[in-house]
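Trainee: I am new to this structure. Please show me how to read it, one feature at a time.
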Amino acid sequence: MESLTSSRCLLGLVVLSALTLPPALAIEVYTAREVHGTVGSQAHLSCTFWSSEWISDDISVTWHYQPDNSRSTYSIFHYSKGQAHIDDTGIFKDRIEWVGYPRSKDGSIVVHNLEYGDNGTFTCDVKNPPDVVGKSSFVHLLVYDKGPVRAGMVLGIIIGAALGLVIIVALLAYLIRYCWLRRQIRVQRQLSALERGKLHKLTRGSKGSRQTPLLSMLDQTRSFKSSDKKPKGLGDSRKK
């Protein structure tokens, strides 16, 4: 009886320990929360995973799609036994491309030629037997006519415009100062030329005024000499 009780206790401990295994031992799947795209372009839906087991040949990757404002879910892609099975009858017919590589723990797909009706939630589910316990991961696809303007892009545009305005103002200030300096230099040259011209005229005028008194003095000296010569001539004639 005691052996039966002890075996039951041991079994209970084993079950309890199995139930309380850390979640890190289960397979984990990772996707982006949200992906944006424009009409006619393509969207890369990334799906990576981590597994505690070696990647087996029985690994499988499944993608499901649920349109916005709908509760219906569709299987659009399935990978198993090394083969990709793409839905060729639904809304993504001929528009899904398998770009994953399970050996590198990648189960991504690409959706081509996006349409407005593609808005919805895509779910990636990975199983790697015997590691099959884990949660799926989902990504929400939003399709726009034009790409959404992000806050970082707006901030970059504002900063670029501000820098451009500062550069333009600096260039205008430099050009204004340059033109003003050139004008000042030109005015100074003109004033210097005028001052030189006036000085030259004054110099010529002063030379002419000095020459006039000298000529008059020379004339007076000549007249005095002639007057002195005349009386001497008269006295001599009288003596004779």
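The dialogue below goes from confidence to core, strands and loops.

Mentor: First, the ground rules. This is a predicted model, where local features need pLDDT of at least 70, side-chain atom pairs count only at pLDDT 80 or more, and totals for chains, interfaces and linings use all residues. Residues are numbered from 1 along each chain as its sequence is written, and side-chain values use heavy atoms, with hydrogens and water left out.

Trainee: What is the average pLDDT of the chain?

Mentor: pLDDT is the predictor's confidence in each residue, from 0 to 100. Where it is low, the predicted coordinates should not be read in detail. Here the chain averages 79, and 69% of the residues score at least 70. A contact means heavy atoms within 4.5 Å. Residues 232–240 also stay under 50, with zero contacts beyond four places in sequence.

Trainee: Which residues touch the most other members of the largest nonpolar core?

Mentor: In soluble globular proteins, nonpolar side chains tend to be buried together. A nonpolar core is a set of buried Ala, Val, Leu, Ile, Met, Phe, Trp, Tyr and Cys residues joined through side-chain atoms within 4.5 Å. Buried means under 20% relative accessible area, exposed over 50%, and partly exposed in between (1.4 Å probe, protein chains only). The largest core here has 27 residues; Leu45, Trp63, Ile76, Phe77, Phe122 and Val126 touch the most other members. Elements that give two or more residues to this core include β5 (60–67), β6 (74–80), β10 (120–127) and β11 (137–144). Take Phe122. Leaving out residues up to four places away in sequence, its contacts include Leu45, Trp63, Ile76, Phe92 and Leu141.

Trainee: In what order do the strands of the open sheet run?

Mentor: Strands (E, at least two residues) and helices (H or I, at least four) are DSSP runs, numbered from the N terminus. Strands of a sheet pair through backbone hydrogen bonds, either parallel or antiparallel. Two strands count as paired if DSSP finds at least two bridges between them. Here three strands form an open sheet in the order β3-β9-β8, with antiparallel pairing. β3 and β8 stand at the edges with a single partner strand each, so one side of each has no neighbour in the sheet. Three bridges join β8 to β9. One pairs Trp98 with Ile109 in β9.

Trainee: Which strands run parallel, joined by five bridges?

Mentor: β2 and β11. In that pairing, Val35 stands opposite Leu141 in β11. β2 (residues 34–38) has a covered face, Val35 and Gly37, and an uncovered one, Glu34, His36 and Thr38.

Trainee: Is Ser51 buried or exposed?

Mentor: Ser51 sits in the loop between β4 and β5. Its relative accessibility is 5%, so Ser51 counts as buried. Its side chain makes a polar contact with the side chain of Asn128 at 3.0 Å. A polar contact is a pair of N or O atoms within 3.5 Å; within protein, one must be able to donate a hydrogen and the other to accept it, and residues adjacent in sequence count only if both atoms are side-chain atoms. The Ser51 side chain also reaches the backbone nitrogen of Glu53 at 3.2 Å.

Trainee: Where is the cis peptide bond?

Mentor: From Pro129 to Pro130, with omega near 5 degrees. Pro130 lies in the loop between β10 and β11.

Trainee: What is phi of Lys81?

Mentor: Near 55 degrees, a positive value in a residue other than glycine. Lys81 is exposed, with a relative accessible area of 60%.
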